[in-house]
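Please keep the structure in view while reading.

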Amino acid sequence: MPVSTLSQRRYHHVAIAWWLITALLFLLPGSSLPKESVLPLPMPDKWVHAALFAIWSWLVYQAWYNQGKQPYPAAQVMLLGMAYGLGVEVIQHYLIAGRSFDSWDLVADGAGIGLGLLPIHVKSKSHKSKG
């Protein structure tokens, strides 16, 4: 369901801000990261990746793909998100001290993107069944 132009602009600003925030977090040197986890979960880094990408995918969808003009908008967000995650991992491996490429981070990124798109899919299905 398309959103108003004013809302669209707000989503653009918030999505760009979130993209920059996540990029800064992902590109911190390893020495800047906490040594002990603050999350009482196994593999806390993967949960963080999933959460950040869930928010990212929802915002990106709302900002650019919620206009009904592009074919397969959720697939486009998924591909863009996975490219972003892959780019982050490559940059971490080659350019960031104390960081490395972790393919499980990409799995967590993909899971997060899917989680972020899930409410959109559910809402879309409910609108189609009503009318």
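This is a predicted model: local features need pLDDT of at least 70, side-chain atom pairs count only at pLDDT 80 or more; totals for chains, interfaces and linings use all residues.

A residue is called buried when its relative accessible area is under 20%, exposed when that area is over 50%, and partly exposed in between. With a relative accessibility of 4%, D105 therefore counts as buried.

For the protein chain, the mean pLDDT is 87, and 88% of the residues reach 70 or more. Confidence is highest in helix α3 (residues 73-95), at a mean of 96, and lowest in helix α4 (residues 103-130), at 85. The fold comprises four helices and zero strands, which gives the pattern α-α-α-α when read along the sequence. Of the 131 residues in the protein chain, 31% count as buried. Among contacts with a separation of 6 or more, 74% are made by residues 24 or more positions apart.

The description now returns to D105, which is placed in helix α4. Which residues does D105 touch, once those up to four places away in sequence are not counted? They are D45, K46, H49, E89 and Q92. One of these, K46, belongs to helix α2. The side chains of K46 and D105 are joined by a polar contact of 2.7 Å. Is K46 itself buried or exposed? K46 has a relative accessible area of 15%, and because the limit for burial is 20%, K46 is classed as buried. Apart from its neighbours within four places in sequence, K46 is in contact with D102, W104, D105 and A108.

Y65 lies in helix α2, and Q76 is located in helix α3. Y65 has a relative accessible area of 14% and is therefore buried. Q76, by contrast, has a value of 27%, so Q76 is partly exposed. When neighbours within four places in sequence are left aside, the contacts of Y65 are V60, Q70, P73, Q76, V77 and L80. Y65 and V77, twelve residues apart in sequence, are separated by 7.9 Å in space, C-alpha to C-alpha. Q76 and Y61 are 15 residues apart in sequence, and the corresponding C-alpha to C-alpha distance is 9.0 Å.

The final subject is empty space. Rolling a probe the size of a water molecule over the atoms shows where such space is left. The second largest pocket has a volume of about 550 Å³. Its lining consists of 22 residues, of which L33, P34, D45, V48 and R99 lie nearest the centre. The elements that give two or more residues to this lining are α1 (5-26) and α2 (44-65). Helix α2 gives the most, with six residues. What is the make-up of the lining of the second largest pocket by class? It has ten nonpolar, five polar and seven charged residues.

Note on methods:
Residues are numbered from 1 along each chain as its sequence is written. Side-chain values use heavy atoms; hydrogens and water are left out. On a 1 Å grid over the protein atoms alone, a cavity is a set of points where a 1.4 Å probe fits but cannot get out, and a pocket is an open set with protein on both sides within 12 Å along at least five of seven lines; lining residues have an atom within 4 Å of a point. Grid points are joined across faces, edges and corners, and a volume is the space filled by probe spheres set on the points. Ala, Val, Leu, Ile, Met, Phe, Trp, Tyr, Cys and Pro count as nonpolar, Asp, Glu, Lys and Arg as charged, and the others, Gly among them, as polar. Buried means under 20% relative accessible area, exposed over 50%, partly exposed in between (1.4 Å probe, protein chains only). A polar contact is a pair of N or O atoms within 3.5 Å; within protein, one must be able to donate a hydrogen and the other to accept it, and residues adjacent in sequence count only if both atoms are side-chain atoms. Contact means heavy atoms within 4.5 Å. pLDDT is the predictor's confidence in each residue, from 0 to 100.
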